[in-house]
Amino acid sequence: MTKRPQPAGGLLASLRRTRALIRKETRQLLRDISSIAIGIVMPVTLLVLFGYGINLDVRNVPVAVVMEDDSAEARGVAAAFELSRYFSPTPARTMHEAERILMAAEVRAIVRIPSDFARSIDLGSAEVQLIINGADANTARISLGYAEGAVGIWAAKELARNGSASGGGITIEPRLWFNEANDSSYFLVPGLIVLVMTLIGALLTALVMAREWERGTFEALFVTPVRSVEILLGKTVPYFLLGLVGLALCVVGSKLLFGVPLRGSLVILTVVSMLYLLVALGLGLVISSATKSQFVASQVTVLLTFLPAMMLSGFMYDPRSMPWAVQLITYVFPARYFVTLLQTLFLSGNNWSVILPNAAVLAGMAAALLTLAARLTRKRIA
């Protein structure tokens, strides 16, 4: 029975073997067009698609304006909707006409200024009726807030011009913290880094490693004097560097294309992104070692990493609005902690009460997953 070659001892020998594996894997990565596409082309594509294509803001909402009062005050309210970038008003002579075009989906709301509007202002109890198509609950809720803002702006101007006579006695001054532009790109673009890191770290690594198992390349490595840790380093370092390239593209693109501010430290952003990338790499290694099939590895990786990063991380939907059982499940997925870190660093700044606990969780997950991946690989070698 032939003896398996034992790894040569010494740190220098280990470093030489690891460097040779990294060089070999880097050359293979550069020759693989699909990997380059996922690592470089995909971040830019996702940045453009999510930044320009997906927008949670509501603008140019078509509304029908019914003016039953022809006073200066009524015209002022109507002008507030005309000057607002959130509405595209259409005059309607009667409520019957307005209801008809609302039913025909030509407008999404009706603004009705009653005939006693001016007189009611003098009495301090004027009302503007707003009827909204509630089929899309999110759009309806946002439109209602915008309508209240438009009327509030008019009331504030009247109060400033005429004292307490026309504008009423209350002035509301809204202010948005961390997103003064009220632009959903500020919310979406930072979260996009999660998808890029997940694609490169977990999905790409799982597919490449599973392909090595299918082709029998690992069996050839097993009879060489290399350790399991050296194999893992040789396989993961090139993809780790590719992930950092994707991170740089997203950060630069978010600033140049969308003007998203980075109020926190770029160094801290890089460190926490590296932690999440290690978590994603660890997940890819564990999944590929457990399945050893590209098809199964791709399905499991999408199920355990990409879909949670999209749906349960807070990237697009607030977990606090989910049922409590689903909220508990979200804490299992590392993407939730990374999204919180990104949104804090981009929009709020170096808020250490948020950064430290979330970064600590990612560091613990990275250590656990990489240790598990090394043990699974060692079992295959033994």
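Rings of Phe, Tyr and Trp (its six-membered ring) are paired when their centres lie within 6.5 Å, and planes under 30 degrees apart count as stacked, over 60 as edge-to-face and the rest as tilted. The structure is a predicted model, in which local features need pLDDT of at least 70 and side-chain atom pairs count only at pLDDT 80 or more, while totals for chains, interfaces and linings use all residues. Residues are numbered from 1 along each chain as its sequence is written, and side-chain values use heavy atoms, with hydrogens and water left out.

**View A. Aromatic pairs.** Four aromatic pairs are found in a search of the whole structure. Phe-81 and Phe-87 form an edge-to-face pair, with 5.2 Å centre to centre and 65 degrees between the planes. Phe-81 counts as buried because its relative accessibility is 1% (buried means under 20% relative accessible area, exposed over 50%, partly exposed in between, with a 1.4 Å probe and protein chains only). Phe-87, at 5% relative accessibility, also counts as buried. The pair of Tyr-276 and Phe-338 is stacked, at 4.5 Å centre to centre and 15 degrees between the planes. Tyr-276 belongs to helix 10 and Phe-338 to helix 13, so this pair ties together parts that are 62 residues apart in sequence (helices, H or I with at least four residues, and strands, E with at least two, are DSSP runs numbered from the N terminus). Tyr-276 and Phe-338 are both buried.

**View B. The largest nonpolar core.** A nonpolar core is a set of buried Ala, Val, Leu, Ile, Met, Phe, Trp, Tyr and Cys residues joined through side-chain atoms within 4.5 Å. The largest one holds 61 residues, of which Ile-193, Val-194, Met-197, Phe-338, Phe-346 and Leu-362 touch the most other members. Helices supplying at least two residues each include helix 2 (33-53), helix 9 (228-258) and helix 14 (352-381). Helix 7 provides the largest share of this core, 15 residues. Leaving out residues up to four places away in sequence, Val-194 touches Tyr-276, Ala-309, Ala-335, Phe-338, Val-339 and Leu-342 (contact means heavy atoms within 4.5 Å). A second, separate core has 21 residues, including Ala-74, Val-111, Phe-117 and Ala-155.

**View C. The largest cavity.** On a 1 Å grid over the protein atoms alone, a cavity is a set of points where a 1.4 Å probe fits but cannot get out, and lining residues have an atom within 4 Å of a point. The count comes to one cavity of 30 Å³ or more. The largest cavity has a volume of about 70 Å³, where grid points are joined across faces, edges and corners and the volume is the space filled by probe spheres set on the points. Among its lining residues are Thr-198, Tyr-276, Leu-304, Phe-333 and Ala-335. Helix 7 (185-215), helix 10 (266-291), helix 11 (294-311) and helix 13 (334-348) each give two or more residues to this lining. Helix 10 gives the most, with four residues.

**View D. Surroundings of Ser-298.** Ser-298 is found in helix 11. This serine is buried, with a relative accessible area of 15%. Apart from neighbours within four places in sequence, Ser-298 is in contact with Leu-203 and Leu-207.

**View E. The whole protein, for orientation.** The protein has 14 helices and four strands. Of its 382 residues, 47% count as buried. Among contacts between residues at least 6 apart in sequence, 78% join residues at least 24 apart.

Note on methods:
1 Å grid on protein atoms, 1.4 Å probe; cavity = no way out; pocket = protein on both sides within 12 Å on 5 of 7 lines; lining within 4 Å.
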